[in-house]
Amino acid sequence: MPEVIGIGLLGVGTVGSGVVKILRDNASQIAQRVGKRVEIKRILENNESKLRSLGLTEQGTNRYEDLLEDPSIQIIVELLGGIEPARTYLLEALGRGKHVVTANKDVVATYGKELFAAADATKSDFYFEASVGGGIPVIRVLKESLAANQIQAVIGIVNGTTNYILTRMGEEGIEFDAALCAAKDAGYAEADPSADIEGFDAARKIAILASIAFNTRITPNDVFIEGITRITPRDISYAQELGYVIKLLAIAREQDEVEVRVHPALVPENHPLAAVQGVFNAIYVQGNAVGETMFYGQGAGQMATASAVVGDVMEIARNIETGSTGRFSCTCFYTKKLRPWGQFHSKYYIRLVVKDQPGALASIAGVFGNNRVSLGSVIQKRTLNMAGISMAELVLITHDVMEQDIQDALTVIKGLSIVSSVENVIRVEGGEQG
Ligand code: NDP
Ligand code: HSE
């Protein structure tokens, strides 16, 4: 047995350089805990200046074969991001019997089945704790600590960038674009930040969590997705006046059918998820034996994410030591039915601008009523003068209704002559009927 566990590192960007730092700073403690030294043998990295700044030029290469063919490398740590070439590299590594750690939720969410099959074929380990929740150890919790449960719900804030943006917009009133720039500068955002703000990143993460929680393969295509790009400072401020905060929620539930969705939502300000600020994430898990649990921590960023990556490396190193690799395989034993999005239930916040004239509200209420949508409250926020016509901005909150009914009602409402615009429609979650 070698006295060293050899790592082949793919990418020393934000997370990769954090991994280098932890392996250096905590080297002796890691060696004690694992029983072997953990050393980076080779690094695949495009950008030579990153290698230079870390004093790792000698380990650098731009040929993946140099890592794949190096017998001293037992674990490949993939921190490149994106689907290709990451997916191919991981499959090749597993095919050669090398163990894999990745933080790449794009690849895990979409190609998890294929990667697990490749790992099974060579009895290799395939670990991806950092792919969801940054530094929060939620994957291992679902796979191991809560394995005795039937999981009923996984609900969380799983994207640090959007939570950071919404927090700064809400607390400091700064514009969306400025908040996004700050998230990019802090290293939280994806290489293409539309993945964050359009909800795709959160969808990949909840697909991973739901697959593990419900033992059925959920891919990002199965997730209903809405991002935060339509959320305005006005909606945030009206939500605050009503006693809510706006969060990008990822929701997975199993009740007869499996329902998986990502969208912004008004959350009551006294709800535990409302207190999750900035880049922090929180994931609520409900199991039939354990009841309600909640996991909280930094959901993105260099060191928090690297903490999860190195934790996986150490777990694999222990498995190598004890000859117990390949213990955790794919757990998607079933093919469960997905609830169609039209049958989702929620309350809704609707902001619209209508002509300020008698009967306007009655017409709107009539359309909602005809479509089985019952209104909980209606507030006139302000009057506006638009090209000499007096208009009223209304905020409506519905009772719990079915998605298809609200969409049908809105289609009719948008066509009414008294309606100037439907400015925003945001779900309301986490209340007594949420
Ligand atoms: P970065 O873009 O900062 O780092 C990726 C690095 O890999 C860059 O240095 C890049 O070089 C290099 N690279 C990319 N493709 C290749 C290639 N084909 N060959 C050689 N080098 C390559 O990304 P992050 O560190 O932020 O993210 C890495 C992974 O971790 C992603 O999957 C991400 O989703 C995930 N993640 C990130 C988190 C975060 O907070 N940042 C949190 C959780 C997960 P170049 O500079 O030339 O682009
Ligand atoms: N861009 C991601 C986020 C990184 O902001 O949550 C962590 O996965």
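Visitor: In what order do the six strands of the open sheet stand, and how are they paired?

Guide: The order is E3-E2-E1-E4-E5-E6, and the pairing is parallel. A strand here is a DSSP run (E, at least two residues; helices are H or I, at least four), numbered from the N terminus. This is a predicted model, in which local features need pLDDT of at least 70 and side-chain atom pairs pLDDT 80 or more, while totals for chains, interfaces and linings use all residues. Residues are numbered from 1 along each chain as its sequence is written, chains are lettered from A and ligands numbered from 1 in the order written, and side-chain values use heavy atoms, without hydrogens and water.

Visitor: What makes E1 and E4 a pair?

Guide: Two strands pair if DSSP finds at least two bridges between them. Strand E1 (residues 4–10) and strand E4 (residues 75–78) are joined by four bridges, so they meet the definition. Ile7 stands opposite Ile75 in E4.

Visitor: Which residues are around ligand 2?

Guide: Among them are Lys105, Asn159, Thr161, Tyr188 and Asp201. A residue is near a molecule if one of its heavy atoms lies within 4 Å of it. Helix H8 (160–172) and helix H11 (200–214) each give at least two residues to this shell.

Visitor: How do you know that Lys105 makes a polar contact with ligand 2?

Guide: A polar contact is a pair of N or O atoms within 3.5 Å; within protein, one must be able to donate a hydrogen and the other to accept it, and residues adjacent in sequence count only if both atoms are side-chain atoms. A polar side-chain atom of Lys105 lies 2.5 Å from an oxygen atom of ligand 2, so the pair qualifies. The side chain of Thr161 has an N or O atom 2.6 Å from an oxygen atom of ligand 2.

Visitor: What share of the accessible area of ligand 2 does the protein cover?

Guide: The protein covers 94% of the 250 Å² that ligand 2 has on its own. Accessible areas come from the Shrake-Rupley method with a 1.4 Å probe; for residues, only the protein chains shown count as cover.

Visitor: How many residues of the shell around ligand 2 are charged?

Guide: Five are charged, four polar and three nonpolar. Asp, Glu, Lys and Arg count as charged, Ala, Val, Leu, Ile, Met, Phe, Trp, Tyr, Cys and Pro as nonpolar, and the others, Gly among them, as polar.
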